[in-house]
2 protein chains.
Amino acid sequence: MMTKRTSRTVDVGGVKIGGDNPVVVQSMTNTDTRDAGKTLSQVKRLVEDGCELVRIAVPDKKSAQRLPKIISDSPVPIIADIHYSPQLALMSIEAGVAKLRLNPGNITNVKDIKNIAKEASSMSIPIRVGVNSGSLHQHILDKYGRSATGMVASAEEEIGLLEGQGFEDIVVSLKSSEVNMTIEANRTFSRKYDYPLHLGVTEAGGGRSGLIKSAIGIGTLLHEGIGDTIRVSLTEDPIEEIATAYDILRSLGLRKRGIDIVSCPTCGRTEIDIQKIGKSLEKRLGDVTESIRVALMGCSVNGIGEAGSSNLGVVGTNKGGLLYVDGNYKETVPNMDIEKMTDQVERAIRDYLNTR
Amino acid sequence: MMTKRTSRTVDVGGVKIGGDNPVVVQSMTNTDTRDAGKTLSQVKRLVEDGCELVRIAVPDKKSAQRLPKIISDSPVPIIADIHYSPQLALMSIEAGVAKLRLNPGNITNVKDIKNIAKEASSMSIPIRVGVNSGSLHQHILDKYGRSATGMVASAEEEIGLLEGQGFEDIVVSLKSSEVNMTIEANRTFSRKYDYPLHLGVTEAGGGRSGLIKSAIGIGTLLHEGIGDTIRVSLTEDPIEEIATAYDILRSLGLRKRGIDIVSCPTCGRTEIDIQKIGKSLEKRLGDVTESIRVALMGCSVNGIGEAGSSNLGVVGTNKGGLLYVDGNYKETVPNMDIEKMTDQVERAIRDYLNTR
């Protein structure tokens, strides 16, 4: 890993983004904001799964009017997502949101920005300049096209307007639905500014391909030390975004939460059904938030090495699974019904977590 | 993207790895190799989905004896995966495999390597020096520990032995179950050698976290221009490895195959059920191998921009989905039963593919 880029720290209702703080995980509700109850219950589900900041779309006055209720009942700071309307931005500030996201593609009027900056400043509310390659302003498109250069130019323009008001409580995001464009825009920006960066690949889609675009775009930048907070955008239940975010951060050793299962792809050598045991364990141990590395290996080729460098490991042999704890062989789980083998491995993991 | 690292070209039964050739997609069977019928039918399924090279475990003599049959009936070149036994390597060469994978962690005897190199050379069969952090040789572990440095040292040692025999028909892989270690080992190696690199994160596991480790490890390296062939290792049906490999390559613009769905995560603004339409389309259009970019967007904020820069786009409004073709508005798919909307979008995509 390269060393983390130096960035300023911005305080979002007590959650710190940037500087030496851990990368913050956020998501966005997809409920109708006018339904405060539904929205709140989604916020709470997200928080239970590890979400640290929640953004909410504020597309109309009715939505803005629901903000005070949502904010007061939410366990984490709430961010208002604003497009087109300076008035909704001002209403959200008044409602007490912890941060505003403005899209420089559709809020560009100098007087409007001035007003919003003044009010946000008086309430100590940071603003995210949220550039999206899908909604660049026409004058940017005319000059640069839909490109990384255009995205950075769009951010710079809005930052200039805010700084012109003495406002520097800024977070920036540069999201494209194209992975390469996202990486390039963030790299370019990070060489010029020290504002904290919010990372994401926008409109990544759903399923496998959405996960992969997000993992490569966000992961490549984090590996370079770029990025202070992340939001994975999936066309899925937003709960999936949180699990994915932690998987990305865990893969790079940036945040530790839950079980890291190391398991082989199985091949002609495999002695026990690792795949079934792994799938079943992942489900059964979904409640675990402590960090633990578990190796499930089909044979001894890499098995002994992996099991030996994990907290807990199982290596398939024709006699059954050799169980390793903290690098030492402990016992053999006999070859039997796969459910029973899974039971025994699960018990060993829970015992391990309870006694350490 | 950084420019691709310069690497030599190695010919694997007609499939070229390295140089300016496209990144080659490979996988490995997980059937019992002694069952030639089952193994062949898995090979064929993999090839149908786009696999260009298939590796097969050869753990015993009986497996080696099945190789001629498998090789003669396989539509793509077959690679033998060898551990421990020089004899099985020699039997595989004789059987006509297109490449050997040797693990320098368990085949290190100079005389053995000499014999294998001589036979492989006479048959023009390349050898992959396949280092795995889970099976480093004890003398490497003693000196370097389980580390990127140790992985590179292990590769160098085996390369030295092969080069000592005048053998340079070499591909190298440096796989760890840790993403950071995988990236570091490959970076270090690629600065010193121009042998083509086979990339993979080993024992990545299954499900979401397996996809994410693979995408970050392989994707970060490819984005840097490192990597000539990839194998995604998942604890899943190997068919999943192929789809994942193409998703990774497509995300980076390195290979184009199938549908690239750009779709928004949905939020409080969403006007049509993009998520259902997307999931259903992905299933229905699994047969498409042509490259096409389809945008499915819940509202107009980024929708017009994304739809306008895709081959085909749908933007949700309260009147229904605005359908764009090659950047131009074509018609409105009325808000109706989601199945019927999906039917209409699928028809538009198939028409597009048929007429271009």
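So, the area buried between chain A and chain B comes to about 6,100 Å², with carbon and sulfur atoms giving 50% of that; buried area here is the accessible area (1.4 Å probe) that two parts lose on being put together, summed over both. On the chain A side, A:E203, A:R208 and A:R269 lose the most area to chain B, together 11% of what that side buries.

Quick housekeeping: this is a predicted model, where local features need pLDDT of at least 70, side-chain atom pairs count only at pLDDT 80 or more, and totals for chains, interfaces and linings use all residues. Residues are numbered from 1 along each chain as its sequence is written, chains are lettered from A in the order in which they are written, and side-chain values use heavy atoms, with hydrogens and water left out.

Okay, who's touching whom? Each chain puts 80 residues into the contact, meaning heavy atoms within 4.5 Å. And 100% of chain A's interface residues are interface residues in chain B too, so the copies meet through the same surface.

A rotation of 180 degrees with 0.0 Å of shift along its axis puts chain A on chain B, RMSD 0.0 Å, superposing by least squares on C-alpha atoms of residues with pLDDT of at least 70 in both. The two copies are therefore related as by a two-fold rotation axis.
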